[in-house]
Amino acid sequence: MSAVKATLDPLDPSNSSKNTLKIENTEKRDNLIAIEKKYQEIWADTKVFESNAPTTAEVPFHSISPADLRAQQPKFFGTIAYPYMNGTLHAGHGFTISKIEFAAGWARMQGKRALFPLGFHCTGMAIKACADKLVREVEMFGKNFEGYKEDDMTDESKVEAVPAPTQGQPKEDVTKFTSKKGKVAAKSVKAKYQFQIMLALGLPLEEIHRFADPYHWIEVFPDAGKQDLLKFGLRIDWRRSFVTTDANPYYDAFVRWQMNRLKQLGKIKFGKRYTVYSPKDGQACLDHDRSQGEGINVQEYTGIKMKVLEWPEAAKKTIQGAVPEGANVYFVPATLRPETMYGQTCCFVGPKITYGIFKVSDNEYFFLSDRAARNMAFQSIFPEWGVFPKVAELQGADVIGTLVNAPLSVHSNGVRILPMETVKATKGTGVVTSVPSDSPDDYATVVDLAKKAEYYGIKKEWAELEIVPIIETPSYGNLTAPTLVKQMKINSPKDAKQLAEAKELAYKEGFYQGKMIYGEFKGRPVQEAKELVRQALIDSGNAFNYAEPDGLVISRSADECVAAHLDQWYLNYGTTENGGDGEWCDQVLKHVDGELNTFSSEAKHQFEQTLGWLSQWACARSYGLGSKLPWDHKVMVESLSDSTIYPSYYTIAHYLHKDLFGKEQGLGNVTPEQMTDEVWDYIFTRRDDVQTDISKETLQSMRREFEYWYPLDLRVSGKDLIQNHLTFFLYIHIALWPKEYWPRGIRPNGHLLLNGEKMSKSTGNFLTLREAVGKFGADATRVAIADAGDAIEDANFEETVANSSILKLYELKKWCEEMIGDATLVESAEQYVEVRDNNRVKNIDTIHRTGEKGFWDHLFENELNALVQDTKVQYDGMLYKNALKSGYYDFTGARDFYREVTKAVGIGMHRDLARRYIELQALLLTPVAPHWAEYIWLEVLKKPETIQNALYPEVPATNPGLAAAQAYIRTTTSNITSAEGAQIKKLSKGKTASFDPKQPKRLTIYCAKDFPVWQEKYISLVRDEFERLGVVDVKTVSKNIEKNDMKKAMPFVQGLKKRLDAGESKTEVFDRKLPFEELVVLKEMVPGLKQAVQKCHAVEIIAVEEGGKAGVVVDSGEQRKDLPPVAESAVPGSPTFYFENL
């Protein structure tokens, strides 16, 4: 037991987040969390997020069409891909969930009924594989692993998962092949055993043995996930939650119905097909069953049988006695281009690769890599399933010079086995036939071999067999490879980058544009000839079908997978060219290119690409958890096939059961046995009558729920699921329902980085959702998640943003409380100053003015209205980072400006606007920070009802003049303070400044009454040119500019052209009347400028006359002459200024 305890510290769950931000002072956070807990309980008690379709009592069943009902009573229905429950939820889950969460909150504010349900996925082999490991470990070490010794840490071989039964007779030692740690194990630094992984998840040691039962995982992790999500403050209707697998008999019945209907529609078929397969597990290894290699499919090849005619001496010695006298040995290259076999001039092996000779029959042996032989063992190429008897082992170097027969080759006397350094044992069979006429790699290699024959230990003539043209192409003639190698200046087989590019060009040109000019199918397009040549080779006994995974795939049981040729049930996805149901695929593609909103062109492109390559998908497995295939109880529905249309199940789940497992009946008092296929058909609109003992009222109510909530408005998931789950989701919806119920939107999101780095337990940069909410609180976490990003690219959760949000939310809450609770009302600016100076007011922001609104009030109110409108646009577009900017950061920025400027002017904030700001801020933050908003709404503003039912505010249209004045004030103030800052910087560097910023000074602002006359002349010139041609030709305009004006006029004209080219309207460019009184605005700015500029004792405004040499002091009317040169540069809307020390 001491050894077990010794592992507890390094496996402490907190280690996975040891390098994340640590928070010291938690008082403000704890205050916010207390508020969050309070309102989470209230929301649960009041069932505020339980959403229902209009009842049949409110709107009689089918009294209007479902479409009309949805139009009359708008709804939003959104879901995420339900999380897999073999562990705890992390911040990345929170990020995906937030997209629906914020959308649901926004939909409620638009007056829609909003439904956000969430279930828990438990189907598949991951849980079962982990449970089986624990069974073995309990046997090895005891119930509480007390027999574990620290020495065992280094011996992984003892903890192999108990293999599931394999199809046929497996090879005795299946563990001899590559075995690596699973995905979960790899995430933990020191965990070698499953019980250690469970410790790292934070589970008590004495509880871990219970997880040897896979159904215990389903009891524990979904509930734990729900608790974490409750603390996150989500708008989920928890009545509709469930777990998958036969652990919930209602969902089990739903999956069986789905599979039955798909089979009846001809979408599920049975037959032999290649699939990625785990020999250890004895079943197909599909995407969700993998710890490595998700998205990798089977690549089919043609295996060419190149009979050995003559061995070199080195090989003869090795095979003597291993291969019977007279038996045929074949080198077996795997090719994707059987139509090019006429041009074979040699065959390559990797000189440093270890190969085997494997017995196929008494008279037939294959020379290839171990990996290829293992794949063939599950494709009925060897006589016994899973067995590939190796009779001899040779290095590639041993067989250089072997003479072999190359089927179809013009070189009928045979070709030689030659060395190629770039041959990979992990691709194909490790044997590569050479066609230098059409393969740039092959051509570059044979040229190199011929040049350096002595170096490679071969005879030069072996590499110099005639290269015969076999395919004619429009771009590269009849010798594609030599042409490309020459064009691209490829000098050696080591020019890998250029060769890869050349290979792609050669293949595309040959396949799509090529025509056969040699052989039996001369004159045929390559696209036709390819399959004809392949079949001719197979029929003659010179080739066979071979397949392998197109990359490394490791199952969750740590088995390296193969491609197996199996009898299996499969969904007939794919194009006609890929062997699938082309008509079905075309329907999906049309929807993707039509009404489906994918939120980005990149996502749409990925869907189109996936539909192009995706093919038939095995939908059953024999190992793991799930629902049994209705017509074949020996197998279960695989995990990506039982999780395609479950959003429809959400619509009626609360009628079926009250708990996750379907142990307690729901609103409909229906038993699982009553949920026959015909009943599901009725509920899901596939038939209009049904014989059942379920009451008519219940049936109609369930159907109403489906018809109202469907179609699904939004589906959110990680972008990596486009290649499987999200595309399957579209396929099955389109197969089972009419267009009215097809999904309307899919939003794939990127992965979530943490503090700019990939989340990783091993580096300590990892955060569970529970840890995030515990560390920052729900609302601060939600703000940081909203701030993380909205594009399909990876987003970034910055803990500093979450941490600063705690302070911002707390201080804003405190300020709102004081503004409402401690307000002191005054009727005038004079009273404001008196109260400010003579009363002991804790926070002078609480001195509120009443009565008429003035300039700064109108300006602030107008800015709030503009930000409310902009935030609405951002929420509509699901751009939450932008919504946060306009509706929170810029909103508080507008308040800060108003607060400071009214202090400087000595009038204080207007009571109505202070309250209006608080009310609007609560509403604008409701989707993202609902707890904070609820507190402000109910406890500060004393509103009678939850903000969760409040509508988004309607505001007046923005006043353009006030908006322009606001922009003018900000720009002018910034220019003035920047100029002062530049002088301070000069002095700090020891340079001479035009004034001393640290001494008392006067600021003089020069404001032009009118635009210069010369500008008006050239504006007319540019306007005429623009109206005549629609563009501004500066060259033409310049011919009409007077020489004396050229220096100032040309930049002016170019500036006008730039504004027009950027899309600014001609009215704005040419009619240069300011939408506000500039002098009035400048006079209002004076008190604020005195505060903004250091030691500014006086501000003088001079209205500059034409020419910029003279002007009038605005306040006194005094005439001023001989103004400084800076005055000349002033134009309306762009004043200049001058500092001087007093």
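Q: Buried means under 20% relative accessible area, exposed over 50%, and partly exposed in between (1.4 Å probe, protein chains only). Which of these is serine 380?

A: Its relative accessible area is 52%, so serine 380 counts as exposed. One caution before going on: this is a predicted model, where local features need pLDDT of at least 70, side-chain atom pairs count only at pLDDT 80 or more, and totals for chains, interfaces and linings use all residues. Residues are numbered from 1 along each chain as its sequence is written, and side-chain values use heavy atoms, with hydrogens and water left out.

Q: What makes the backbone at serine 380 worth a look?

A: Serine 380 has a positive phi of about 60° although it isn't a glycine. You'll find serine 380 in the loop between α11 (370-376) and β13 (390-395). Those labels are DSSP runs numbered from the N terminus: helices are H or I, at least four residues, and strands are E, at least two.

Q: What about asparagine 755: buried, exposed or partly exposed?

A: Asparagine 755 comes out at 25%, so it's partly exposed. Asparagine 755 also has a positive phi, near 55°, without being a glycine, and it sits in the loop between β28 (752-754) and β29 (757-758).

Q: Which accessibility classes do aspartate 632 and lysine 634 fall into?

A: Aspartate 632, at 15%, is buried, whereas lysine 634, at 67%, is exposed. Their side chains meet in a salt bridge, N to O at 3.0 Å.

Q: What makes arginine 1002 and glutamate 1140 a link between parts of the chain?

A: The closest N and O atoms of their salt bridge are 3.0 Å apart. Arginine 1002 is in strand β33 (residues 1001-1008) and glutamate 1140 in strand β37 (residues 1136-1141), so the bridge ties together parts 138 residues apart in sequence. Arginine 1002 is partly exposed at 27%, as is glutamate 1140 at 28%.

Q: How many salt bridges are there in the structure?

A: There are 71. Asp845, Arg895, Asp896, Arg899, Glu900 and Lys903 are linked in a network of them.

Q: How do you know where the buried residues of helix α24 point?

A: Leu769, Ala772, Val773, Lys775 and Phe776 are the buried ones in α24 (residues 769-776). Down the axis of α24 they fall within an arc of 165°, so they line one face of the helix; the arc is that of the directions from the helix axis to the C-beta atoms. Their cover includes α2 (27-46), α25 (778-788) and α26 (799-821), where contact means heavy atoms within 4.5 Å. After α24 comes glycine 777, whose phi is positive, near 85°.

Key
A salt bridge is a side-chain nitrogen of Lys or Arg within 4 Å of a carboxyl oxygen of Asp or Glu.
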